[in-house]
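Reader: I've got a model open and a few quick things to ask. Can we go through it piece by piece?

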Amino acid sequence: MRERAETALAAGVAADSPAAEPVVAELVAAWLPTQAGTADPPRRDDAHARARLLEQLEAAAEPHIERYWQLMCTATGRPQPPSWSAAGTWTASALRAHPEPGPGLVLPPAPDAQRALYVYERVAAHVAALVDAVPGEALERPTPCDAWTVRQLIDHMTWENLMITSIARDVPRTDPDADHLGDDHAAAFRASVDALLAAFTGTGLLERTYGPYGAPGALFAQQAAVELLAHGWDLARALGASTDLAPEVADEVLEAARGIYGAAPRTEGGSFAPERTASAAAGGADRLAAYLGR
């Protein structure tokens, strides 16, 4: 269970996203046989079973209990158990977001590949200009993303570009927590944009399908544009700059976000807060931010 959750984490699967539901179903199916000797054992994957598994995980993840087992292993000369922290947090969050079996991952319609590429190019150009304008002294400022500084936000956007590029080249990266910026945040971000554009146009990604659900590669371009515009808005707010980013395509990005994330639950501590109401004068990027709960 720990290894499967860590794999989902490394792949960037948000615990409260529709893509997490198949992982939760897999984990519950593997867990059910282990309950055969317990009182009133759950027989199938349902709300009761998921609630019991969540209860067990919350107990196992309690820091004092984890410390107890570490000390017991030290006292008895046994190997230390691997930390359950990250995997346990992800699995518990996924169970809260998916308290009962759902329909699984339902993919939005495949977008027009060339249009999706154009939209990403426009968003990337606007956000890159914003990143270029970030002075060194602003890198430690807070952002609307909880616990992320400006530097961490730019690093995350860079990572997302690099991650999709690695998928296109069939060598998925597993280093989300590494430093992807080095000494020049602007150069690193622009290099990640260039690498992803090259992957979109030179690897056949936009025409291929991926994963057990046959996700069209063009969805990667759409999702990259959504993530970049949303986080570009976060960066603009942190810098006190205009949030009117990529106005020529922002409405298309918002519609893409509705298709990709429309089924995502708005749970406490999840990827998205409840949708907010944008003002009548709000631009496309502001409406996107409001839709995502900013």
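Reader: Start with threonine 165. Is it buried or exposed?

Author: Threonine 165 has 9% relative accessibility, so it counts as buried. Buried means under 20% relative accessible area, exposed means over 50%, and partly exposed is in between, with a 1.4 Å probe and protein chains only.

Reader: What kind of model is this, and what are the ground rules?

Author: It is a predicted model: local features need pLDDT of at least 70, side-chain atom pairs count only at pLDDT 80 or more, and totals for chains, interfaces and linings use all residues. Residues are numbered from 1 along each chain as its sequence is written, and side-chain values use heavy atoms, with hydrogens and water left out.

Reader: Back to threonine 165. Where is it, and what does it touch?

Author: Threonine 165 is in helix H7. Leaving out residues up to four places away in sequence, it touches Ala195, Leu196 and Ala199. Contact means heavy atoms within 4.5 Å. Helices are DSSP runs (H or I, at least four residues), strands likewise (E, at least two), numbered from the N terminus.

Reader: And alanine 280, buried or exposed?

Author: Alanine 280 counts as exposed because its relative accessibility is 89%. It sits in the loop between H10 and H11. Its C-alpha atom is separated by 48 Å from that of alanine 29, 251 residues apart along the chain.

Reader: Now helix packing. At what angle do H6 and H8 pack?

Author: About 170 degrees, with the axes 9 Å apart. H6 and H8 are therefore roughly antiparallel to each other. Axes are lines fitted to C-alpha atoms, for helices over the stretch in contact, and angles run from 0 to 180 degrees between N-to-C directions. Under 35 degrees counts as roughly parallel, over 145 as roughly antiparallel, 65 to 115 as roughly perpendicular, and the rest as oblique.

Reader: How do the residues of that contact divide?

Author: The contact of H6 with H8 has 13 nonpolar, two polar and three charged residues. Nonpolar covers Ala, Val, Leu, Ile, Met, Phe, Trp, Tyr, Cys and Pro; charged covers Asp, Glu, Lys and Arg; the others, Gly among them, are polar.

Reader: What about H2 and H3?

Author: The axes of H2 (residues 21-31) and H3 (residues 47-60) come within 11 Å and cross at roughly 80 degrees. That makes H2 roughly perpendicular to H3. Glu21, Val24, Ala25, Val28 and Trp31 in H2 meet Ala49, Arg50, Arg52, Leu53 and Gln56 in H3.

Reader: How many aromatic pairs are there?

Author: Three in the whole structure. Rings of Phe, Tyr and Trp (its six-membered ring) pair if their centres lie within 6.5 Å; planes under 30 degrees apart are stacked, over 60 edge-to-face, the rest tilted. One of the pairs is tyrosine 120 with phenylalanine 200, edge-to-face at 5.6 Å centre to centre and 80 degrees between the planes. Tyrosine 120 is in H6 and phenylalanine 200 in H8, 80 residues apart. Both are buried.

Reader: Last one: which residues touch the most other members of the largest nonpolar core?

Author: Tyr120, Val123, Ile154, Phe189, Phe200, Leu229 and Leu235, in a core of 64 residues. A nonpolar core is a set of buried Ala, Val, Leu, Ile, Met, Phe, Trp, Tyr and Cys residues joined through side-chain atoms within 4.5 Å. H9 gives the most to this core, with 13 residues.
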